[in-house]
Amino acid sequence: MKLIRMLIPGKILFGLILLGLSSCNLPTTDSANTNNQETLTSEQVSQKTTTNNQACTLVENGFGSPGQVKLRVEEVVTGLEVPWGIAFLPNRDMLVTERPGRVRLVRGGKLIPKPVATINVTESGEDGLLGIATHPNFTDNQFFYIYYTADKNGSQVNRVERWRLSQNGLSASPDRVIVDNIPVAQFHNGGRIRFGPDGMLYIGTGDAREPQSSQDVNSLAGKILRVTPDGQVPPDNPFAKNPVYITGIRNTQGFDWRDQSTLWVTDHGPSGDLGRRGHDELSLAKAGDNLGWPTIYRCESKKGMVTPSIVWREALPPGGAAIYTGNSLPEWKGSLIIATLRSQHLQRVVFNPQFSQQVERHEVYLQGQYGRLREAIMGPDGELYVSTSNCDGRGNCPPQRDKILRITR
């Protein structure tokens with residue numbers, strides 16, 4: 001028996017919890033803990049104190065309480081096919097990636113019929129044209145970056161490539177490969193790319209269904225990578241001459257910066273890997289951190305690894321994620337807003353102002369109203385933009401196909 005100190009709002013509770021519990025009493029979608037780490041079951045509590053006095057919230061049922069902040073949803077554009085990433089241009093045009101391999105232009109609220117670029121992608125499962133980001137000095141150089149799945153000498157690779165947009169914004173041409181040979185699998189391909197406040201390019205990759213690769217610092221799989229805009233390794237990366245920045249990731253499709261040096265990172269739970277399912281998570285991470293996959297799971301802790309801030313037992317899974325910085329919904333300011341796929345809602349996560357790693361509350365918005373949601377990104381107008389992903393083979397594709405939505409008051 002071991003004494004565990006539990007934090008529960010309004011009081012402190014001490015309880016005895018048996019160690020070495022397997023998940024045999026859990027539903028069949030959960031699996032045994034193969035790492036001999038402490039596991040909290042549904043018969044226990046949904047919050048566990050970690051060694052740094054921060055709490056990991058384990059959401060056993062559902063996804064959170066209904067959100068109370070009033071909002072309005074505007075349809076910006078329709079007629080898209082699996083819009084995966086959005087990049088805003090200085091003139092407020094939008095470049096949008098479609099997973100089958102097209103970069104589209106949205107100008108003045110209208111989708112331009114002819115693609116800006118058509119990329120030769122391989123598309124199966126979660127492959128294809130995924131993330132997009134613009135260079136911090138886009139006004140001067142017209143550069144944008146894409147993450148896509150390519151055929152390389154008969155083998156699939158995920159690749160980050162730089163392109164140059166024409167002056168009129170209607171066409172683009174390839175410039176150079178930034179990162180190549182990122183491992184590929186039918187699932188867990190990552191794909192989100194964003195420039196950080198330091199001007200570096202951050203690249204989220206999946207474990208490509210090889211869980212142990214997430215712990216291998218010499219593998220590009222299951223990581224957040226960090227490179228210069230030209231694809232070089234920054235000298236201050238945590239591993240010398242290595243683009244790896246954060247390890248121990250299953251499959252991130254969303255991250256944003258809490259401050260200059262720390263990121264909120266969402267991660268998909270396992271899809272049957274090691275006999276486990278569900279348990280998507282959100283963690284606070286910095287350079288060199290290890291998010292633990294596949295060594296730790298749920299709200300487990302292990303020295304040298306980051307315990308998540310919140311874990312959902314039921315699969316969301318999370319798409320894009322953005323810190324809300326706008327003024328239309330002042331109640332949301334500083335919250336992380338996560339687009340979710342299978343659970344078809346926007347997830348708002350509010351953090352404890354005294355303990356930044358700890359979740360204060362989490363809420364659900366737009367439940368089932370717009371189907372699967374993929375991207376979530378703040379626009380230059382201070383509004384949150386979200387894309388649907390109903391035509392990706394896992395949702396119900398409507399006659400208007402996929403949409404981009406603006407979330408406002």
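1. The model is a predicted one, in which local features need pLDDT of at least 70 and side-chain atom pairs count only at pLDDT 80 or more, while totals for chains, interfaces and linings use all residues. Residues are numbered from 1 along each chain as its sequence is written, and side-chain values use heavy atoms, with hydrogens and water left out.

2. The largest pocket has a volume of about 570 Å³, and among its 27 lining residues Pro270, Ser271, Ala315, Pro317 and Arg342 are the closest to its centre. A pocket here is an open set of points on a 1 Å grid over the protein atoms alone, where a 1.4 Å probe fits, with protein on both sides within 12 Å along at least five of seven lines, and lining residues have an atom within 4 Å of a point. The lining of this largest pocket comprises twelve charged, eight polar and seven nonpolar residues.

3. The second largest pocket holds about 490 Å³ of space, and of the 24 residues lining this pocket, Thr134, Arg194, Phe195, Ile377 and Met378 lie nearest its centre. Strands that give two or more residues to this lining include E12 (129-134), E16 (193-195) and E28 (373-378). By class, the lining of the second largest pocket has 15 nonpolar, five polar and four charged residues.

4. Ser387, in strand E29 (residues 384-388), counts as buried at 0% relative accessibility, where buried means under 20% relative accessible area, exposed over 50% and partly exposed in between, with a 1.4 Å probe and protein chains only. A polar atom of the Ser387 side chain lies 3.2 Å from the backbone oxygen of Pro83, and a polar atom of that side chain lies 3.1 Å from the backbone nitrogen of Glu375.

5. The count of salt bridges comes to 31, each being a side-chain nitrogen of Lys or Arg within 4 Å of a carboxyl oxygen of Asp or Glu. One of them joins Glu81 and Arg102 at 2.7 Å, N to O; Glu81 lies in the loop between strands E6 (72-80) and E7 and Arg102 in strand E9 (residues 102-107), so the pair ties together parts that are 21 residues apart in sequence. Glu81 is partly exposed at 25%, as is Arg102 at 22%.

6. Arg406 forms a salt bridge with Asp381, the closest N and O atoms being 3.7 Å apart. Arg406 lies in strand E30 (residues 402-408) and Asp381 in the loop between E28 and E29, so this pair ties together parts that are 25 residues apart in sequence. Shared partners also join Glu81, Glu98, Arg102, Arg104 and Arg401 into one network of salt bridges.

Terms used
Grid points are joined across faces, edges and corners, and a volume is the space filled by probe spheres set on the points. Ala, Val, Leu, Ile, Met, Phe, Trp, Tyr, Cys and Pro count as nonpolar, Asp, Glu, Lys and Arg as charged, and the others, Gly among them, as polar. Helices (H or I, at least four residues) and strands (E, at least two) are DSSP runs, numbered from the N terminus. A polar contact is a pair of N or O atoms within 3.5 Å; within protein, one must be able to donate a hydrogen and the other to accept it, and residues adjacent in sequence count only if both atoms are side-chain atoms.
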